[in-house]
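Please look at the sequence and the three-dimensional structure together before reading on.

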Amino acid sequence: MSFPRPEPSPEQVVQAQLDAYNARDLQAWLATYAEDAEQFQHPGRLLARGHAAMGERIAVRFTDPHLQARLISRRVIGNAVVDHEEISRGFEKGPGRAEMLAIYEVRDGLIQAATFVFGEPTYD
């Protein structure tokens with residue numbers, strides 16, 4: 001007899017997304033998002049819609065040898081997860097770090113929408 005698995009919590013989904021990001025695992029990262037998910041840069045500029053566009057955008061980022069996201073804090077309210085992160089990566093002027101707020105809307109065990117607020121990079 002098989003029992004249905006419980007749906008992961010919004011926090012578990014977002015943590016799986018962060019883990020896949022840091023592992024540069026494109027398929028695992030996309031698996032945390034709904035097929036028609038949207039990503040925005042605050043205050044509402046569409047960055048990508050759907051797996052094809054999101055995959056294309058992040059595949060370039062995953063080639064960056066400096067890429068790493070460090071969770072500073074996380075707040076969960078209902079199906080919304082807000083992460084405060086420090087992102088290390090290559091920027092226009094070279095390797096550096098920037099703070100970022102990521103606001104995820106999770107429904108049915110998948111990220112439906114993500115909005116990012118990017119801080120100014122500092123350089124190593």
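The model shown here is a predicted one. Its helix α1 covers residues 10–23. Which residues of α1 are buried? They are Pro 10, Val 13, Val 14, Gln 17, Leu 18, Ala 20 and Tyr 21. When one looks down the axis of α1, these buried residues fall within an arc of 165°, so they line one face of the helix. After α1 comes Arg 24, which has a positive phi, near 55°.

The strands may be considered next. Strand β1 (residues 33–41) and strand β6 (residues 110–118) run parallel and are joined by 5 bridges. Within this pairing, Phe 40 has Thr 115 of β6 as its bridge partner. Strand β5 (residues 94–107) also pairs with β6, but in the antiparallel sense, over 8 bridges. Here Glu 105 is found opposite Ala 113 in β6. β5 and β6 form a hairpin with 2 residues between them, and in that turn Asp 108 has a positive phi of about 55°.

Is Gln 112 buried or exposed? Its relative accessibility is 17%, and because a residue under 20% is classed as buried, Gln 112 counts as buried. A polar atom of the Gln 112 side chain lies 3.0 Å from the backbone oxygen of Arg 107. Apart from neighbours within four places in sequence, Gln 112 is in contact with Ala 34, Asp 36, Ala 37, Glu 38, Glu 105 and Arg 107.

Thr 32 is located in the loop between α2 (26–30) and β1. With a relative accessibility of 7%, Thr 32 counts as buried. A polar atom of the Thr 32 side chain lies 2.6 Å from the backbone oxygen of Trp 29. Not counting residues up to four places away in sequence, Thr 32 touches Val 13, Ala 16, Gln 17, Leu 110 and Ile 111.

A contrasting case is Ala 59, which belongs to helix α3 (residues 50–61). At 32% relative accessibility, Ala 59 counts as partly exposed. Between Ala 59 and Thr 115 there are 56 residues in sequence and 19 Å in space, from C-alpha to C-alpha.

In soluble globular proteins, nonpolar side chains tend to be buried together. The largest nonpolar core of this model has 26 residues, and those with the most contacts inside it are Tyr 21, Trp 29, Tyr 33, Met 54, Tyr 104 and Phe 116. At least two residues of this core come from each of α1, α2, β1, β2 (45–49), α3, β4 (80–91), β5 and β6. The largest share, 5 residues, is supplied by α1.

Methods. Residues are numbered from 1 along each chain as its sequence is written. This is a predicted model: local features need pLDDT of at least 70, side-chain atom pairs count only at pLDDT 80 or more; totals for chains, interfaces and linings use all residues. Side-chain values use heavy atoms; hydrogens and water are left out. Helices (H or I, at least four residues) and strands (E, at least two) are DSSP runs, numbered from the N terminus. The expected span of a helix is 1.5 Å times one less than its number of residues. Buried means under 20% relative accessible area, exposed over 50%, partly exposed in between (1.4 Å probe, protein chains only). The arc is that of the directions from the helix axis to the C-beta atoms. Two strands pair if DSSP finds at least two bridges between them. A polar contact is a pair of N or O atoms within 3.5 Å; within protein, one must be able to donate a hydrogen and the other to accept it, and residues adjacent in sequence count only if both atoms are side-chain atoms. Contact means heavy atoms within 4.5 Å. A nonpolar core is a set of buried Ala, Val, Leu, Ile, Met, Phe, Trp, Tyr and Cys residues joined through side-chain atoms within 4.5 Å.
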